[in-house]
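Below is a short note for a colleague who is meeting this structure for the first time. The points follow a few strands and then several charged pairs.

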Amino acid sequence: MTTSPLERAADSFAAELGRHRNERGLSKKQLATLMGFDPSYVSHVESRRHRPTEDFARRAEAVLEAGGAIWQRFREYDDLRHARTAPPHRDPPVPGQWMPPGTGLIVEHEFANLTYRDGVYHCVVRRALYNAGTEPVTRYLARVAVDRYPNDPGRSNRHHRDHPLTFAELQMRAYRDDGGEREPMHWRAKHDRDAFKEFWLLFENADGRFPLYPGDRATIEYEYCVGQEKWGRWFQRAVRVPTRALDVRLDLPAALEPQVWGLETSLSAEEGPLRTPVQRHDEDGRAIFEWATENPPLNARYRLQWRFRNPPAPATPSGVTADPASPRPSDRMRAAGIVQRGADLLRHPVRQFDLPEEGPVARDVVERLLAALTELDELHRFNRGIGLAAPQLGLSCAAAVVRPPDRSAEPVVLLNPRVVDSSPDTDEQYEGCLSFFDHRGLVPRSLRLDVEHARVDGTRLITSFEFGMARLVAHEIDHLEGRLYVDRMAPGVPLVPVEEYRETSHAWRY
């Protein structure tokens, strides 16, 4: 029987975690994958064999979108744990003193400044970091998102599809300031979408590495530029790491007569006005708007928006505008005879051939598949290879063909295939599907498959496939079993519209 307040608080945290996980319909393994934790740790926290950490609670709250409930239960537990382990005679805390949590990376102060001049927005973000964890920090995740028409999502999507934001135009620069020494930081792209860029700021440069060790502090700064033809009139800060203080500053031309207002939202509250007003003062022909808050809740979002009473001349986007009348990729595949997502045939296991009796039928199906591959190669350049299963031609039979990335190689024919062994080693890569060619999805697959399949004469053989060919073959066998690659994706991972996908011309990397 639990009698200790600390134990009751731990029970409360575990119960809250389990309740929200069950409401989302996630297994412990799925939740662990989304959080980036080992599955056994999630299981042990729920069963109270391990104590929760601040980092664990923060990630669980963000993934499960629990309205702050999981975070609150953790803070109740953590407060009791610190009270129990504190020395019996200690000085009382200084009034208003902010103590960083025991684990994880802390933003002690963020200052974000956005300046508009001559049709270009220049953003500078400075973050004073404290490593309150137990491991050195070697990288920091940052994001840039644009929305040209924030009140018209459809128009914004079309605009950014035709005029995507690029890393090159951002002119990204990053630095680490450690006690007055300003070190350039390298950065590496993580996600590249039309209106969204995500990148790692690396604690290293050409001269060496400079990790942020436990107990140490450092200030990082990054800056970038975006033209007014892509940046709408809004500036948002999202609190993704525990943060002590946040300051936001807009520097706009006073001649444009800007008006600024603010909105905020969080996991536990709908969008509403900022709780404190935005302050303005003018200097040297500039209108300076400033707003600040302390100890913002995790996952809160603060947005400043503005309008110009005397607006600048509209910008003309650079680049070639896409023809709005051009067909969608899925329309081209449909016209080529490929059955599209939503058809019942793609969701049912197919019939096996009775070989060798049905040898002539199987041979005819294979010839149709190979002919279709030839036609598809004229529609699109498949640099990663291409596969086609009989259901995608409207045929409910166990046949598929796969052409390797080497276009000169002969396609592999699979009749009545089944996977008999697979490597425990996996990786995640983006896949496309001829049956919904408008999107790409991040799919985990084994790096090696052993597949038993038949010849037309009924004899069977086992073939091993590795890396890209293993992925292609697995994709087609899924089709024969009534599965699509979306069934293999981790819960909550979004599909990427093909217009925002940047790896079309590249082979898979191993």
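1. Strand 13 (residues 258–266) pairs with strand 17 in the antiparallel sense over 8 bridges, where strands are DSSP runs of E of at least two residues and helices are DSSP runs of H or I of at least four, both numbered from the N terminus, and where two strands count as paired if DSSP finds at least two bridges between them. Within this pairing, Val260 stands opposite Trp306 of strand 17. Please keep in mind that this is a predicted model, in which local features need pLDDT of at least 70 and side-chain atom pairs count only at pLDDT 80 or more, while totals for chains, interfaces and linings use all residues. Residues are numbered from 1 along each chain as its sequence is written, and side-chain values use heavy atoms, with hydrogens and water left out.

2. Strand 17 also pairs with strand 11 (residues 234–238), and these two run antiparallel, joined by 5 bridges; Trp234 has Gln305 of strand 17 as its bridge partner. Strand 17 (residues 301–308) is largely enclosed by the rest of the structure, because 6 of its 8 residues are buried, that is, under 20% relative accessible area, with exposed meaning over 50% and partly exposed in between (1.4 Å probe, protein chains only).

3. The count of salt bridges comes to 34, a salt bridge being a side-chain nitrogen of Lys or Arg within 4 Å of a carboxyl oxygen of Asp or Glu. One of them joins the side chains of Asp251 and Arg286, at 2.7 Å from N to O. This pair links distant parts of the chain, with Asp251 in strand 12 (residues 245–253) and Arg286 in strand 16 (residues 286–294), 35 residues apart. Both Asp251 and Arg286 are buried.

4. Glu264 forms a salt bridge with Arg275, and their closest N and O atoms are 3.2 Å apart. Glu264 lies in strand 13, whereas Arg275 lies in the loop between strand 14 (269–273) and strand 15 (279–283), 11 residues apart. Glu264 is buried, at a relative accessible area of 13%, but Arg275 is exposed, at 69%.

5. Asp427 forms a salt bridge with Arg471, with the closest N and O atoms 2.9 Å apart. Here strand 21 (residues 426–431) holds Asp427 and helix 10 (residues 467–480) holds Arg471, the two being 44 residues apart. Asp427 is buried at a relative accessible area of 18%, and Arg471 is buried at 1%. Both belong to a network of salt bridges that also links Glu431, Arg445, Asp478, Glu481, Arg483 and Arg488.
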